[in-house]
Amino acid sequence: MYPKLLIDLKKLRENIDAVAKITKDDGGCTMMIVTKCLCANREVAKMITDHPRVDFLADSRIENIKKYQDLVEVSGKQSVLLRLPMMSEIEDVVKYADISFNSELATIEALDQEAAKQGKTHKVVLMVDLGDLREGIFFRNKEEILETAAKIHAMKNVELYGMGTNLTCYGAIIPKYDNLSVLCDIAGKVEEKLGIQLQMISGGNSSSIYLVGEGQLPEKINNLRLGESFLLGNDTAYGADLPGTVGDGLLCEAQIVELKTKPSLPIGEVGVDAFGQKPYYEDRGEIKRAILAIGQQDTDRGGMIPLDEKVDVLGASSDHLILDVTKSDREYKVGDTVQFTLEYGAVLRLATSEYVTKEFI
Ligand SMILES: *Cc1c(COP(=O)(O)O)cnc(C)c1O
């Protein structure tokens, strides 16, 4: 059944080899592979836990970590919850994640109590916000960071495992030597004050990996967390292809349900489209239009790049994607399928939609 998300496990495995070379061999970091974009798909999680170079599996959702915790356990790797824990999921966080990222003392206290109940030690990475304005204690509030670290250190059933930061998500701020050095300085102060050595200084996601190649990753950063860069093969700071990776390990394939020649401009008074937006239409004259049975419920139209370079995506409604195939060398017919390489937002929705068949190639 179409539409399909085609997952090439061999290509994804080779992409992990390539990012490991940069992150571990050149960057001297441990490597966390992030599983959320493919909803912690079991086969993919198996490939990742089997991969000898992966140190941690990370996800933003505890239900995803729960799904593969058995695989992580036998692999000897550790599982990491990236999104700050909800108060309502504390029990599962302690049960299924070895490490969680945190910024709220109340939550960490709840983790400590729950860990005591379960007879476990739970590891905490304290997040610092370097200006992207998502999670973390704001970097200028140094006293709050030091005090929070001291309080965590004093708890019996949580361990202050490290410190971390996240960039290029909300504020689109690019990691640099300068802002990551602020994290390293603060971590150094925490170590000095508490007389400990932090195990992990986590320097960001796929937008930080480019710093390794430029020799700009501060020395104290010893971990990177990689999702998009192993899935799609690009650094997400500037969008460059990463050496040794491929961008077609994931493809979408959808089927044509209508193929007709029609004008490119709609006829009549223009209101708003299916999503309340006032659309813009380019006048291309009469064109050959293909309608595919896939829509915004299954994917993000802006992240669908046709493999046939002479095909353009014109638009999408909830269940339909409309293409201009006028210039293609291929004689498309109803029932033919069209393949696309993907951007992150499209992969996320394709993986999440229950209407999309996941096929391994
Ligand atoms: C999603 C996420 C990542 C992975 O991001 P990519 O850009 O896909 O590498 C890393 N860290 C945190 C905290 C995240 O939420």
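At roughly what angle do the axes of helix α2 and helix α3 cross? They cross at roughly 15 degrees and come within 10 Å. This is a predicted model, where local features need pLDDT of at least 70, side-chain atom pairs count only at pLDDT 80 or more, and totals for chains, interfaces and linings use all residues. Residues are numbered from 1 along each chain as its sequence is written, and side-chain values use heavy atoms, leaving out hydrogens and water.

**Helices α2 and α3**
- Helix α2 spans residues 42-50, and helix α3 spans residues 62-75 (helices are DSSP runs of H or I, at least four residues, numbered from the N terminus).
- The crossing angle makes α2 roughly parallel to α3 (angles under 35 degrees; axes are lines fitted to C-alpha atoms over the stretch in contact, and angles run from 0 to 180 degrees between N-to-C directions).
- From α2, Arg-42, Ala-45, Lys-46 and Thr-49 make the contact (heavy atoms within 4.5 Å).
- From α3, the contact residues are Lys-67, Tyr-68, Asp-70, Leu-71, Val-72 and Ser-75.

**Helices α6 and α7**
- Helix α6 (residues 142-154) packs against helix α7 (residues 177-194) at about 45 degrees, with axes 10 Å apart.
- Residues of α6 including Ile-145 and Leu-146 meet residues of α7 including Ile-186 and Val-190.

**Ligand**
- The ligand is surrounded by 13 residues (a heavy atom within 4 Å).
- A side-chain N or O atom of Arg-225 lies 2.8 Å from a ligand nitrogen.
- A polar backbone atom of Gly-227 is 2.8 Å from a ligand oxygen.
- A polar side-chain atom of Arg-134 is 3.1 Å from a ligand oxygen.

Notes
Helices (H or I, at least four residues) and strands (E, at least two) are DSSP runs, numbered from the N terminus. Angles under 35 degrees count as roughly parallel, over 145 as roughly antiparallel, 65 to 115 as roughly perpendicular and the rest as oblique. A polar contact is a pair of N or O atoms within 3.5 Å; within protein, one must be able to donate a hydrogen and the other to accept it, and residues adjacent in sequence count only if both atoms are side-chain atoms.
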